[in-house]
Amino acid sequence: MSLSGQNDKGVDALRLTDAEKDALITQMNRRTAETYGAELRQEERLPYQGGTGILLKLQHPGGSMCNYLVRPRNISSIGLGFLHGNFLYVGSRAHVQLITKDGDAEIPASGKIVRCQHVQGHVHEIGMRFDQPIDLQLFVNNCVRTTSDGQESVELPELSGNVLYADDLVDDQELLRYHLTNLGVDVTVAENGMEAMEKLGESSFDMVFTSVALPGMTGAEFTSAMREKGFVRPIIAVSPDADSEEVQQTKDAGCTDIVTKPFSIEKLIEICTEHLSAAGGAGGPLMSTEWGNTKMRPLIISFVSRLERNVRALESLLQTENNEAAIKKMCTDLKGSAGGYGYPDITRVATEMCELLDEQGELDALRGKFGELDQLT
């Protein structure tokens with residue numbers, strides 16, 4: 001039994017006709033093919049219509065549940081892409097009723113929201129990752145894709161995050177950008193260590209890749225400089241030789257892991273899944289205890305939008321010394337406000353940071369406590 005048109009089972013927040021939905025998806029597919037190449041996108045995910053709508057049961061921050069009728073775009077064994085008429089929090093729990101390819105049955109699948117991208121107007125494209133892989137043969141035809149050498153292709157997870165890659169070799173820049181963008185990761189490139197340091201001062205990054213042989217500043221020197229400035233997130237060394245002296249020096253300087261050239265997509269998936277899922281809040285969405293109060297929801301959403309900027313500003317202050325007064329003010333402000341919006345854990349960590357400052361604690365201890373705050377947000 002198809003859910004197509006059964007709006008009584010869920011709110012259709014898209015507010016588009018079936019023809020408008022189909023036209024929008026056709027336009028998006030054309031744009032994707034122009035950007036990535038049609039063959040690449042077919043390897044990633046397969047078109048999936050699921051009638052003209054499937055039922056989505058969403059757990060909002062705070063615990064409330066809502067039912068929506070959403071329009072699927074594509075599917076893989078590990079996830080679903082669909083169009084929705086509202087912004088959704090990354091990390092929110094979700095349950096869908098997948099419609100089989102013959103339209104005769106609905107099969108439930110659970111998971112979490114891993115991506116929310118604005119398309120146009122009120123329309124957003126949502127990425128959902130399943131808790132358990134599904135059998136694609138139940139939902140789409142010709143579901144087994146193979147590579148040019150006849151081997152079954154690798155299923156690509158849908159991730160999010162911002163990555164900086166420092167390397168002067170254009171060929172390697174383009175190849176790593178190709179692989180990481182394909183995983184849903186935004187990539188910024190720097191030609192050398194000094195440029196990378198400047199970019200890190202301008203923006204926040206969830207992870208850094210660095211060649212071990214940068215011009216003007218080696219990968220080890222760059223890694224050491226970043227650690228001294230308080231950068232606590234993963235730094236991944238890139239080298240054609242995993243056993244080289246430069247790799248060992250970069251390890252000693254504080255890099256988190258090593259990737260060897262030519263790039264292995266399996267290794268990149270392993271690293272990105274481990275570190276970017278943590279950066280994106282692997283512990284779940286940012287949940288407000290006040291979300292049940294519907295009048296508070298606009299205020300909570302506004303607070304959360306400011307919170308990210310404030311946390312990044314605090315991170316920047318912690319990278320250099322002699323900023324105790326500014327750090328104390330930010331922590332005090334956060335301590336006083338977060339609990340009122342339903343985030344007592346943020347208030348707790350901000351309070352502990354204030355106590356460390358009162359005790360004239362070491363900067364390293366403050367940075368460690370900030371890491372806990374960063375995980376909460």
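1. Strand β8 (residues 162–166) is joined to β9 by 5 bridges, and the two run parallel. Ala 166 has Ala 190 as its bridge partner in β9. Strands pair if DSSP finds at least two bridges between them. Strands here are DSSP runs (E, at least two residues), as are helices (H or I, at least four), numbered from the N terminus.

2. A word on the source. This is a predicted model, where local features need pLDDT of at least 70, side-chain atom pairs count only at pLDDT 80 or more, and totals for chains, interfaces and linings use all residues. Residues are numbered from 1 along each chain as its sequence is written, and side-chain values use heavy atoms, with hydrogens and water left out.

3. The open sheet has 5 strands in the order β9-β8-β10-β11-β12, with parallel pairing. β9 (186–190) and β12 (257–260) stand at the edges with a single partner strand each, so one side of each lacks a neighbour in the sheet. From one strand to the next, the twist averages 25°.

4. Helix α3 (residues 170–182) lies across β8, β9 and β10 (207–211), at about 165° to β9. Helix α4 (residues 193–202) packs on the sheet and touches β8, β9 and β10. Its direction makes about 135° with that of β9. Angles run from 0 to 180 degrees between N-to-C directions, with axes fitted to C-alpha atoms, for helices over the stretch in contact (heavy atoms within 4.5 Å).

5. The axes of α8 (residues 297–318) and α9 (residues 324–337) come within 10 Å and cross at roughly 155°. That makes α8 roughly antiparallel to α9 (angles over 145 degrees).

Note on methods. Angles under 35 degrees count as roughly parallel, over 145 as roughly antiparallel, 65 to 115 as roughly perpendicular and the rest as oblique.
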